[in-house]
Structure formats: C-alpha cells, structure tokens
Amino acid sequence: MIPKQPAPIDMGILIDSSNDVSDTEWQKMAKLAKDIVDSSNPNPSGNRIGVIPYGSDATPSIKFDSLSGDKLNSDEIKRAIDRIPRQPRGERRLDEALEAAEKELFNYTAGARSNARRVIN
C-alpha cells in the first residue's frame with residue numbers, strides 16, 4: 001500500500017507592524033517569518049505562504065498566488081518578506097489581521113486551495 005501524502009498547507013504569517021514595535025523588533029519578526037518559511041519548504045505542489053503585516057489595519061503583502069512555478073520557493077518568499085516596508089500602522093489590532101486573513105488571504109481569489117490545511121502563525 002502506498003502511504004497517503006499529507007495535505008499541503010496554506011500558511012498565513014502575521015507580522016505586527018503597530019506603533020508599539022521598534023525597528024529592531026520588526027527585524028526580529030521578519031527573521032522569524034523567514035525561519036518559518038525555511039522550515040515549511042514551500043513549493044508549487046506543496047506548502048504555500050502568505051504574509052500580513054498589521055497594526056490598526058491589515059492587508060496581505062504576500063498572497064498564496066503572489067509567486068508561482070519555479071518562483072514559489074523559500075528564497076523567493078524570503079526576498080518578498082525583505083521587500084515588505086516597515087510602516088508603523090497605529091495601534092495593535094490582531095482582530096484586523098485575523099479578519100484580513102479570513103477575507104483576503106484564505107480565499108480562492110488569493111490562491112487558497114480547497115485541499116490545503118489552513119494555518120496561521
């Protein structure tokens with residue numbers, strides 16, 4: 001019997017960009033996000049990564065369909081994370097980040113897949 005392959009993962013990474021976060025803390029969170037990317041092994045037929053910086057508002061900077069084909073790999077996603085500008089965004093509103101994840105990231109128009117497990121980090 002052939003072992004069943006685990007379902008791919010659509011993973012959303014939330015990065016706090018509120019006024020409470022210093023530039024040093026932002027860099028630490030970006031490094032953590034890139035470490036998560038490395039450990040997730042993103043690829044076209046497997047895991048995919050989306051990223052949402054948030055403060056008093058939240059908008060995905062990287063959606064599941066932002067990269068495709070041979071561009072959907074750890075190095076390209078980490079470069080995309082490095083391109084997310086540090087923009088303090090008011091107060092810390094995790095609820096806004098979770099709502100943006102539900103409405104703007106974990107939907108089919110953003111590249112979410114019906115067969116993938118959904119994870120938030």
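Before I turn to the sheet, a word on terms: two strands are said to pair here if DSSP finds at least two bridges between them. Please keep in mind throughout that what we have on the screen is a predicted model.

With that in hand, we can say that three strands form an open sheet, that their order is β2-β1-β3, and that the pairing is parallel. The edges of this sheet are β2, covering residues 48–54, and β3, covering residues 117–120, each of which pairs on one side only. Going from one strand to the next, the twist averages 15°.

Let me look at one of these pairings in detail. Strand β1, which covers residues 9–16, runs parallel to β2, and seven bridges connect the two; within this pairing, I13 has V51 of β2 as its bridge partner.

Now to the helices that pack on the sheet. Helix α1, residues 23–40, touches β1 and β2, and its direction makes about 170° with that of β1. Helix α3, residues 94–105, also packs on the sheet, where it touches β1, β2 and β3, and its direction makes about 140° with that of β2.

Which residues make the nonpolar surface patch of about 240 Å²? The patch is made by L94, L98 and I120, and of these L94 is found in helix α3.

Key: Residues are numbered from 1 along each chain as its sequence is written. This is a predicted model: local features need pLDDT of at least 70, side-chain atom pairs count only at pLDDT 80 or more; totals for chains, interfaces and linings use all residues. Side-chain values use heavy atoms; hydrogens and water are left out. Helices (H or I, at least four residues) and strands (E, at least two) are DSSP runs, numbered from the N terminus. Axes are lines fitted to C-alpha atoms, for helices over the stretch in contact, and angles run from 0 to 180 degrees between N-to-C directions. Contact means heavy atoms within 4.5 Å. Patches are made of residues with over 30% relative accessible area and no salt bridge: like charges are joined within 9 Å, nonpolar side chains (Val, Leu, Ile, Met, Phe, Trp, Tyr) within 5 Å. Accessible areas come from the Shrake-Rupley method with a 1.4 Å probe; for residues, only the protein chains shown count as cover. A salt bridge is a side-chain nitrogen of Lys or Arg within 4 Å of a carboxyl oxygen of Asp or Glu.
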